[in-house]
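Student: Hi, I have a structure to go through. Can we take it piece by piece?

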Amino acid sequence: MNIDYLKKQISEDYFKLYPHREQDFEELLDEILKYHTYMKDDLFITKSPEWIHSPNTIGMMLYVDLFNGDIDGLLNKISYFKTLNINLLHLMPLVKSRKGDNDGGYAVSNYRELNPKLGDMNSFENAIKVFHDNGIRICIDYVINHTADDHEWAIKAKSGDKEYQNYYFMYDDYTIPKQYEAYLNSVFPKVAPGNYTYVEEINKWVMTTFYPFQWDLNYRNPKVFKAMVANLLFYANLGIDMIRLDAIPYIWKTLGTSCRNLPEVHIILRIFRTILMEYSPATVLLGESIVAPEIIVKYFGNDSKLECDLLYNASYMVEIWNSLATRDARHIQNMPIYKGNRSTEWINYARCHDDIGWGLDEINLRRLGFDPLAHKQFLIDFYLGNFQDSFSIGELYEYDPITKDARNSGTLASLSGLEKALLERDNYKLELALKRINLINALIIFRKGIPMIYSGDEIGLLNNYDYKKDEDKKHDSRWLHRQKFDWGKLNNIDKCDAYEYFIFNNLKKIISTRKEVLVNNRIIEENIIYSDNIHVLIIEQITEIDDENLILIFNFSEDRQIVETQQLKRQGVEKHMVELIQGKELNFTNEYIQLGPYEFLILKEKNSCKIETGYI
Ligand code: OTU
C-alpha cells in the first residue's frame with residue numbers, strides 16, 4: 001500500500017467533507033497505516049476484484065442462526081452449497097446487536113464482536129479461511145447509518161460525555177428536530193413514525209431515522225468517519241470479500257433537505273472505495289440503496305470516481321413481480337438497462353429478508369397507460385392475496401390506513417402461488433406455481449450480474465406465521481419470510497413427486513447451465529428484442545466471445561404464447577438455435593416460436609453449441 005498515493009487520491013474529497021481538518025486527515029491516514037500492519041498476507045483467494053464479473057459467481061444470503069444454528073453449523077453445510085454451485089455467501093448481520101428487538105441484527109452494539117450465539121471472532125476468522133479454501137467467498141453487513149442505543153458510543157453519550165454525544169444528532173429540545181421533520185419522510189411510518197426519539201435518560205432528542213433504538217451516526221464529525229473507516233479495514237483484515245453497506249442513501253444529513261441521497265454520501269462512498277482499492281483491492285463494496293432506479297445507479301459512481309462495486313438491482317426485482325401480476329412483460333422490457341461502469345455489477349434477486357416496496361418507474365407506467373397510484377394499490381392487493389384470482393398469499397408491511405399505502409411481505413414460494421395451490425389442493429394451480437418459481441429463478445440467474453438466492457427459496461419455503469407469537473417480532477411482518485431453514489424438507493429433493501424436488505433440481509440445472517454455457521466467457525451487454533406479444537420478454541446477450549451470444553425468452557403468463565419468428569429475424573436473430581435447459585432445437589424457418597405457460601428458453605446458436613443439454 002502506498003499511503004502517499006492514497007493521500008493524494010482522497011484529500012480533495014476529504015476536505016470537501018471536512019474543510020480545514022488537516023489534523024483529522026493525518027489521523028485518518030495514520031489509522032489506515034496502523035490497520036495495514038495487522039493485515040495477513042494470505043487472506044484473499046484472489047488479489048483482484050475481477051471475480052465479481054465471473055458468470056461462475058452465484059450467491060446465497062442467509063441468517064446464520066436460522067440456517068443451521070451457528071458458524072460451526074454453517075461450516076458443516078459446505079457440501080450443500082457445493083451441490084447448488086453456490087460460491088458467495090452473504091451472512092446477514094452477525095455481529096453483536098442489542099437485546100430484544102434489534103431489527104434482525106441491524107441494530108449493532110459492537111461492530112467487532114460476533115453475536116455470542118453464533119461463535120466468536122476467532123472462530124469466524126478461521127471459518128472464513130475454510131470457506132476460502134473451498135472456493136466460497138464471504139459477504140457480511142456493515143450497518144453504517146446507525147448504531148444500536150447500547151453501542152459503547154451511545155452508552156457514553158447517555159452518560160453525558162459530550163465527545164460521544166457528538167457522534168450522534170442530539171438536541172436539548174424539539175426545535176431543530178421539528179425543522180428537520182418538516183422535510184423528512186418516515187422509513188417505518190407505522191412501527192417507528194418520525195425521525196427523532198426523545199431519550200429520557202439524557203433529556204435529549206436523538207435522530208433515529210429507522211427504529212427508535214437505531215441512533216443515526218453523525219458523519220459531519222470526522223471522528224465518526226475515522227472510526228467507521230477503521231471498522232471497514234477491520235473487516236477487510238478478516239478476509240471478508242464483499243462488504244454490504246447498509247442503507248447508504250441516509251448517511252449524510254442536512255437540515256432543510258430530505259436527508260436522502262445527498263452529494264456528501266457519494267463523497268463518503270468514493271473515499272471508502274479509494275481506500276479499499278489501495279488497501280485490499282480484492283475486497284468489494286455492495287451498496288444497499290433501495291430507491292428510484294435512476295438514483296440507485298448513481299451509487300456506482302463513474303469511471304474515474306468509483307463508488308460501489310455492486311448494487312442491488314431493486315428495480316428489476318420489482319419489475320419481475322409487477323410483470324407476473326399483470327402478465328405484461330412490457331414493464332420489464334421498457335425498464336432502462338442501466339449500465340454501471342466496466343468495473344461494476346448488479347446483484348439480481350427476487351426476494352431477500354426485506355419487504356417488497358413498489359418503487360416502479362412512474363414515467364414508464366404512464367406510458368403504458370397505467371395510473372401509478374391505482375396500479376400500486378393493485379399490486380399491494382394482489383400480493384396480499386385480496387385481489388380476485390390472485391395466486392399470491394402475503395402480508396402487508398407498513399400499511400398506512402389513511403393513504404392505503406403499503407409494502408408486501410412473503411416468501412418467494414408463497415407470493416408465487418405455491419401456498420395457495422397447496423391450501424386449495426389444486427394440482428393445476430400447483431403446476432403453475434412451480435413453473436412461476438422456475439421462471440423467476442431463470443430471470444435472476446441468467447441476467448447479467450451476480451444472482452443472489454434468498455436461503456429457503458431453493459426448497460420453496462412457505463410463509464411462516466410464528467412471528468406473530470413473538471413480542472419482539474410481531475409488529476414486523478418481514479419475519480413472515482425469515483424463518484428457520486427446514487432441513488427435514490431437504491429429504492424431499494430426491495422424491496420426484498415432491499414440489500421441493502422440482503424447485504431445487506430445476507434451480508440447480510439453471511445454475512449449472514449458466515456456468516457451463518458461459519465458461520471462459522462473460523456477458524458484456526444486453527439488448528431487448530421487441531415482439532408484438534406483450535406477455536413475452538426477449539433479451540439478447542452479447543458475450544465477450546463472438547458467436548456465443550444468447551437469446552433469452554420468458555413467458556410471463558399462464559397461457560400458451562406465440563412469437564413470430566419474422567419479428568426476431570427483423571432484429572437480426574436468424575439462426576438455428578438450441579434451447580440449453582431442455583435440449584430442444586428451434587428452427588427459425590418455422591413461422592412461430594411457441595411457448596408453454598411460464599416457459600422460458602435459453603437459446604444459443606446450434607453451431608456454437610458444445611455443451612450437453614437436457615432436462616433434469
Ligand atoms: C436496510 O433496509 C435493511 O435491509 C433492513 O433490514 C433494515 O431494517 C434497515 O436497513 C435498517 O438498518 O428501509 O425497508 O434505501 O430501503 O436501507 C428496508 C435503503 C429499509 C433502505 C434500506 C432499509
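Student: Which residues are buried in H2?

Tutor: In H2, the buried ones are Asp24, Phe25, Leu28, Leu29, Glu31, Ile32 and Tyr35. Buried means under 20% relative accessible area, exposed over 50%, and partly exposed in between, with a 1.4 Å probe and protein chains only. Helices (H or I, at least four residues) and strands (E, at least two) are DSSP runs, numbered from the N terminus.

Student: Why do the buried residues of H2 line one face of the helix?

Tutor: Look down the axis of H2: its buried residues fall within an arc of 155 degrees, so they line one face. That arc is taken from the directions from the helix axis to the C-beta atoms.

Student: Before we go on, what kind of model is this?

Tutor: This is a predicted model: local features need pLDDT of at least 70, side-chain atom pairs count only at pLDDT 80 or more, and totals for chains, interfaces and linings use all residues. Residues are numbered from 1 along each chain as its sequence is written, and side-chain values use heavy atoms, with hydrogens and water left out.

Student: Back to H2. Which residues are exposed on the other side?

Tutor: Gln23 and Thr37.

Student: And what do the buried residues of H2 pack against?

Tutor: They pack against helix H1 (3-17), strand S4 (108-114), helix H10 (222-238) and helix H11 (263-279). Contact means heavy atoms within 4.5 Å.

Student: How far apart are the end C-alpha atoms of H2?

Tutor: They are 25 Å apart. The 17 residues of H2 (residues 22-38) should span 24 Å at 1.5 Å a residue, so the two values agree. The expected span is 1.5 Å times one less than the number of residues.

Student: New topic. How many cavities of 30 Å³ or more does a search of the whole structure find?

Tutor: Three. On a 1 Å grid over the protein atoms alone, a cavity is a set of points where a 1.4 Å probe fits but cannot get out, and a pocket is an open set with protein on both sides within 12 Å along at least five of seven lines; lining residues have an atom within 4 Å of a point.

Student: What volume does the largest cavity have?

Tutor: About 140 Å³. A volume is the space filled by probe spheres set on the grid points, which are joined across faces, edges and corners.

Student: Which residues are closest to the centre of the largest cavity?

Tutor: Of the 15 residues that line the largest cavity, Tyr454, Ser455, Gly456, His481 and Gln483 are the closest to its centre. Strand S1 (59-62) and helix H3 (64-68) are the elements that give two or more residues to this lining.

Student: How do the residues of that lining divide?

Tutor: Into eight nonpolar, five polar and two charged. Ala, Val, Leu, Ile, Met, Phe, Trp, Tyr, Cys and Pro count as nonpolar, Asp, Glu, Lys and Arg as charged, and the others, Gly among them, as polar.

Student: And how much space lies in the second largest cavity?

Tutor: About 80 Å³. The residues that line the second largest cavity include His53, Glu345, Lys448 and Arg514. By class, its lining has three nonpolar, three polar and four charged residues.

Student: What about the second largest pocket: how much space lies there?

Tutor: About 690 Å³. The second largest pocket is lined by 30 residues, and Ser97, Arg98, Asn102, Asn115 and Lys117 lie nearest its centre. Its lining has 10 nonpolar, eight polar and 12 charged residues.

Student: Let's switch to Trp321. Is Trp321 buried or exposed?

Tutor: Buried, because its relative accessibility is 0%. Trp321 lies in helix H13 (residues 314-326). Not counting residues up to four places away in sequence, Trp321 touches several residues, among them Ile356, Trp358 and Tyr383. The C-alpha atoms of Trp321 and Ile356 are separated by 9.1 Å, though the two are 35 residues apart along the chain.

Student: Last one. Where does Asn203 lie?

Tutor: In the loop between strand S8 (196-199) and strand S9 (204-207). Phi of Asn203 is near 55 degrees, a positive value in a residue other than glycine. Asn203 counts as partly exposed because its relative accessibility is 45%.
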